[in-house]
Amino acid sequence: MSGERSVFRSIFKNVSVLTLGRIANALCSFIYIALAVRALGLSDFGLLILIHSLASTSSVLSRMQSWQTLIRFGSESFGNGDTDLLHRVIHFCIRLDTISAACAIVFGLVGVQIYGHTAHWSAHVRFLADLYMFVSPLMYSGWANGILRMAGKFHLVPIIDSCAALAKTFGVVIGYVLHLKLGYFLFIWAMTIIIDYGFYIHYALDILRRKFQFRYFRAFRHWRWQLPGMWQFTRAASVNQTLGNISGHVATLLVGNGLGPAEAAVFRVCRQIADGIVTPAQLISPVLYPELVRMRDRQDWRGLKRVTWKMFGVLSALSLALLLLSAFFGSTIFRFLLHVHVHHTSLYISIMLLAAVFSLLVIPLEPLLIVVGHVKFLMKSRTAVMAVYFPALYVLTRHFGLAGACLSTAVCNATILLSQILGVWFFYDRIGKSKA
């Protein structure tokens, strides 16, 4: 029990630290989103959102979940000081991220041509979108993020988040005062991504150089090296996470294609408000996974199960309070952000918060299934759900507008939650009896 209490203290301490950065980010977002809408208008702000979503989609599509691979195969060697093995694992992850970066640019440029044509973008907008795609590889800090999580340096994350958010806010204020156009605001969004990525790489390399005499460019010497099961784990984890991370961006793009950029902006902001309300609880995810890996390495299967279900109970109670919060304040936050009145925003935000709550309850279940070796189940179940979700989203959006988009998103997240509950129930008795 003392071990479990120690895990809980570690989890909530690190979540509290991460929350500070997210609070600073949220406060800044109230300012820069409101000013960006006033400077650009709802339609051009929708174009900004759509271009950013295209870049995010290309980034997510190309990602290998190198941070999960790093923690899964490098956590023990990091703790034991096994420099040679740790270097090899990190090198493998750096190579994954390099391949992902090249693919992100290709996917982004192709995506702009296809989506820009179907959405009838002007040549100028497509040109701006093409330029923006070159920052898409920097939207993912993969192996560097894994180093910070593995080293327990969670206090660095709010520093990074705050610096990036302040830079974006300062840039948007200048754009608002000088009445600058879409190209400038895309530049500010891009610079924020570069700042964020640069900080993660700097801190990760600093940790590795001090403790393990790490040299970055040695990663490209042995491209074929891997531990048994490393590539299979990476592939399954990447497919699962890609489908989860990409859903929001693809949904925004489908809404924009079906209804227009202004409606896409409304949908995106409603989703952002819902996600912002549950953000402190969502921060449990990056903290919980390393803790469960350590418990697995100690063969503490009973403690691993108890921690998972306790976290599920905490998040369930919190979810009820969050739903009540959105019912009273959701539309007020929306009007402040966009400075426009849109009918039924309280309904849209409430539905999107319900969707966010379903995603929130997945948080303790997914790491458990990954840690105990059932990542393939996650990949297959999520693939099946997404294969239905995207067509259903587009059809319901065309027929029922934003209400259809929000409802289909909520049903999708509920289905994913149900599938993972069934997965835990099915595999529960096997935990600790098979190799993770």
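This briefing describes the helices, selected residues and backbone features of one protein structure.

The structure is a predicted model, in which local features need pLDDT of at least 70 and side-chain atom pairs count only at pLDDT 80 or more, while totals for chains, interfaces and linings use all residues. Residues are numbered from 1 along each chain as its sequence is written, and side-chain values use heavy atoms, with hydrogens and water left out. The protein has 14 helices and zero strands; helices (H or I, at least four residues) and strands (E, at least two) are DSSP runs, numbered from the N terminus.

**Overall organisation**

- Along the sequence, the pattern reads α-α-α-α-α-α-α-α-α-α-α-α-α-α.
- Of the 436 residues in the protein, 54% are buried; buried means under 20% relative accessible area, exposed means over 50%, and partly exposed lies in between (1.4 Å probe, protein chains only).
- Contact means heavy atoms within 4.5 Å. Among contacts between residues at least 6 apart in sequence, 86% join residues at least 24 apart.
- The structure holds zero disulfides, a disulfide being a pair of cysteine sulfur atoms within 2.5 Å.

**Helix H2 against helix H8**

- Two packed helices are described by the angle between their axes and the distance between the axes. Axes are lines fitted to C-alpha atoms, for helices over the stretch in contact, and angles run from 0 to 180 degrees between N-to-C directions.
- Helix H2 (residues 66-80) packs with helix H8 (residues 230-259) at an angle of about 140 degrees, and their axes are 9 Å apart. H2 is therefore oblique to H8; angles under 35 degrees count as roughly parallel, over 145 as roughly antiparallel, 65 to 115 as roughly perpendicular and the rest as oblique.
- The crossing of H2 with H8 is right-handed. A crossing is left-handed if the near helix is turned anticlockwise from the far one by less than a right angle, and right-handed if clockwise.
- On the H2 side, Gln68, Thr69, Arg72 and Phe73 meet Met230, Phe233, Thr234, Ala237 and Gln241 of H8. The residues of this contact divide into four nonpolar, four polar and one charged. Here Ala, Val, Leu, Ile, Met, Phe, Trp, Tyr, Cys and Pro count as nonpolar, Asp, Glu, Lys and Arg as charged, and the others, Gly among them, as polar.
- Thr69 lies in H2 and counts as buried, at 0% relative accessibility. Leaving aside residues up to four places away in sequence, Thr69 touches Gly74, Val89, Phe92, Cys93, Met230, Phe233 and Thr234.

**Helix H5 and its packing with helix H7**

- Nine of the nine residues of helix H5 (residues 142-150) are buried, so H5 is largely enclosed by the rest of the structure. Among the buried residues are Trp143, Asn145 and Arg149.
- The axes of H5 and helix H7 (residues 182-212) come within 9 Å and cross at roughly 55 degrees. The two helices are therefore oblique to each other.
- H5 passes H7 in a left-handed crossing.
- Trp143, Ala144, Asn145, Ile147 and Leu148 in H5 meet residues of H7 including Tyr200, Ala204 and Leu208. The residues of the contact of H5 with H7 divide into 11 nonpolar, one polar and no charged.
- Gly152, whose phi is positive, near 70 degrees, follows H5.

**Selected buried residues**

- Ile51 belongs to helix H1 (residues 2-62) and counts as buried, at 0% relative accessibility. Not counting residues up to four places away in sequence, Ile51 touches Trp121, Val125, Ala129, Tyr132, Met133 and Leu186.
- Ile51 and Arg126 are 75 residues apart in sequence, and their C-alpha atoms are 9.0 Å apart in space.
- Cys270 is located in helix H9 (residues 261-282) and is buried, at 1% relative accessibility.
- Cys28 is buried, with a relative accessible area of 9%, and Cys406 is buried at 1% relative accessibility.

**Loop residues with positive phi**

- His179, in the loop between helix H6 (156-178) and H7, has a positive phi of about 60 degrees although it is not a glycine. His179 counts as exposed, at 62% relative accessibility.
- Gln213, in the loop between H7 and H8, is a residue other than glycine with a positive phi, near 50 degrees.
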